[in-house]
Amino acid sequence: MVFPEFRPRRMRRTETFRAMIRETRLVPEQMIYPLFVLPGKGLRQEVASMPGVFRLSVDQLAKEAKDCLALGVRSVILFGLPEKKDGLGSGAYAKNGIIQQAIRELKHKVPEMTVVTDVCLCEYTDHGHCGCLAGHEVDNDATLELLAKTALSHAQAGADMVAPSDMMDGRVSEIRTALDENSFHMVPIMSYAVKYASAFYGPFRDAAECAPQFGDRRSYQMDPANSKEALREATLDVEEGADILMVKPALAYLDIISRLHDEFDLPVAAYQVSGEYAMIKAAAEKGWIDGERVMAESLIAIRRAGADIILTYFAKEMAKLLTEGK
Ligand code: PBG
């Protein structure tokens with residue numbers, strides 16, 4: 001009988017040993033919780049395709065933020081549903097727009113909550129694209145000015161960080177300049193540097209009512225087949241002044257997260273998107289998987305790949321699990 005010389009199983013024998021040699025951890029502070037804000041009062045509407053995720057009116061935000069803080073989740077990212085949409089997405093940069101109201105409410109009532117804002121026009125345009133149009137195409141350079149106005153209006157309302165998700169070329173430098181020229185040089189930019197044209201965004205487009213009314217987003221979001229291009233996108237955003245690089249979606253793009261982690265010295269964020277959440281919830285509801293364990297496993301996989309920060313609809317649920325010490 002030949003005995004194995006090395007037995008990896010030795011260090012797996014007890015939970016204390018396993019915890020002792022655990023290479024990757026997740027803490028609630030590393031998660032950012034997305035919130036959908038809608039006009040009205042006293043509203044708390046569950047998103048049909050995202051059980052457990054609610055669209056809230058502004059007056060409901062403070063309570064939600066306090067619940068997050070109690071669990072150790074200290075940051076939220078805001079998405080808005082405006083009263084009206086138009087061709088130029090003017091609701092995105094309106095002084096009293098839905099997001100501007102939401103930021104003021106949160107920073108007034110729960111100042112210790114870090115408020116990140118998604119900077120994009122798709123929720124605010126009547127055609128549902130992420131910028132303004134020239135004919136049937138999204139006009140990159142004309143959109144830059146609107147994005148900069150949007151980011152600036154968020155900063156003026158009190159946002160702690162802005163996160164452009166539109167995928168226009170040159171938007172990080174345009175936003176950086178607008179912020180700096182208005183004394184917001186301390187507001188960081190978390191850039192959706194590598195955002196793929198993904199079918200995993202389906203449930204979000206229901207939640208935020210922002211599906212494109214014609215065509216799709218493939219002329220500005222990235223082709224899922226590409227990874228060298230991801231490095232190029234990230235390089236541009238670094239040069240333009242991004243503080244954090246984001247990859248989106250997460251689980252189907254772990255190789256991209258890993259490459260960004262290896263090649264850049266900026267923090268990497270990953271967005272576990274609506275479709276990733278919905279798949280886990282749906283399969284768990286059917287009893288086909290253990291939802292809690294798959295949630296925890298997918299989040300630790302995203303961390304293991306190299307993400308420092310995870311934007312996830314599971315933030316509260318996962319934080320609860322972590323604080324309960326399981
Ligand atoms: C806005 C935006 C989208 C998401 C985040 N910001 C939708 C899109 O690009 O179609 C998706 C988030 C999710 O699916 O959870 N551009």
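**A tour of a predicted chain**

Student: Where does Pro249 lie in this predicted model?
Tutor: The model is predicted, so keep that in mind.

Student: Is the peptide bond from Lys248 to Pro249 cis or trans?
Tutor: Most peptide bonds are trans. From Lys248 to Pro249, omega is near -10°, and the bond is cis.

Student: How many helices and strands does the protein chain have?
Tutor: Count the secondary structure elements of each kind. The protein chain comes to 11 helices and 12 strands.

Student: What radius of gyration does the protein chain have, next to that of a compact globule?
Tutor: The chain has 326 residues, and a compact globule with that number would have a radius of gyration near 20 Å. The value for the protein chain agrees with this: 20 Å.

Student: What does the C-alpha trace span along its principal axes?
Tutor: Take one span for each principal axis of the protein chain. The C-alpha trace spans about 75 × 45 × 40 Å.

Student: Which percentage of the contacts with a separation of 6 or more comes from residues 24 or more positions apart?
Tutor: Begin with contacts in the protein chain that have a separation of 6 or more. Then keep those between residues 24 or more positions apart. Their share is 73%.

Student: Does β3 run parallel or antiparallel to β1, and how about β2?
Tutor: Three bridges join strand β1 (residues 31-38) to strand β3 (residues 50-57), and this pair is parallel. In that pair, Leu38 stands opposite Ser57. Four bridges join strand β2 (residues 44-47) to β3, and this pair is antiparallel.

Student: Which residue in β3 is the bridge partner of Gln45?
Tutor: A hairpin of two residues joins β2 to β3. Go across to β3 from Gln45. The bridge partner is Arg55.

Student: Which residues does UniProt list for "binding site" together with a span of 40 residues in sequence?
Tutor: The record is an unreviewed entry, and its "binding site" annotation lists Ser274 and Tyr313. They span 40 residues in sequence, yet no two of their C-alpha atoms are more than 7.4 Å apart, so they gather at one spot.

Student: Is Ser274 buried or exposed?
Tutor: Ser274 is found in helix α9 (residues 274-285). Its contacts beyond four places in sequence include Met50, Tyr201 and Tyr313. With 24 C-beta neighbours inside 10 Å, Ser274 counts as buried.

Student: How many C-beta neighbours inside 10 Å does Tyr313 have?
Tutor: Tyr313 lies in the loop between β12 and α11 (315-323). Among the residues it touches are Pro34, Met50 and Ser274. Tyr313 counts as buried, because its number of C-beta neighbours inside 10 Å is 28.

Student: Which helix holds Glu233?
Tutor: The "binding site" annotation of UniProt's unreviewed entry covers Glu233. Glu233 counts as buried, with 23 C-beta neighbours inside 10 Å. Beyond four places in sequence, Glu233 touches Ala193, Val194 and Met222. Its place, at residues 228-240, is helix α7.

Student: Is Asp308 buried, exposed or partly exposed?
Tutor: Asp308 is found in the loop between α10 (291-305) and β12 (309-312). Buried needs 20 or more C-beta neighbours, and exposed needs 12 or fewer. With 15 inside 10 Å, Asp308 counts as partly exposed.

Student: How do the residues of the shell around the ligand divide?
Tutor: Residues around the ligand include Asp118, Cys120, Tyr201, Arg205 and Ser274. Sort the shell by residue class. It divides into six nonpolar, two polar and two charged.

Student: What is the phi of Ser183 near?
Tutor: Most residues other than glycine have a negative phi. Ser183 lies in the loop between α5 (171-181) and β9 (190-195). With 9 C-beta neighbours inside 10 Å, Ser183 counts as exposed. Its phi is positive, near 70°.

Student: And what is the phi of Glu209 near?
Tutor: Glu209 sits in the loop between α6 (202-207) and α7. Glu209 is partly exposed, with 16 other C-beta atoms within 10 Å. Its phi is also a positive value, near 45°.

How values were computed: Residues numbered from 1 in each chain as written. Predicted model: local features only at pLDDT ≥ 70, side-chain atom pairs only at ≥ 80, totals over all residues. UniProt positions renumbered as here; feature names shortened; annotations may be inferred. Contact = placed C-beta atoms within 7 Å. Pairing = 2+ DSSP bridges. Near = placed C-beta within 6 Å. Nonpolar A, V, L, I, M, F, W, Y, C, P; charged D, E, K, R; others polar. Rg over C-alpha atoms; globule rule 2.2 N^0.38 Å.
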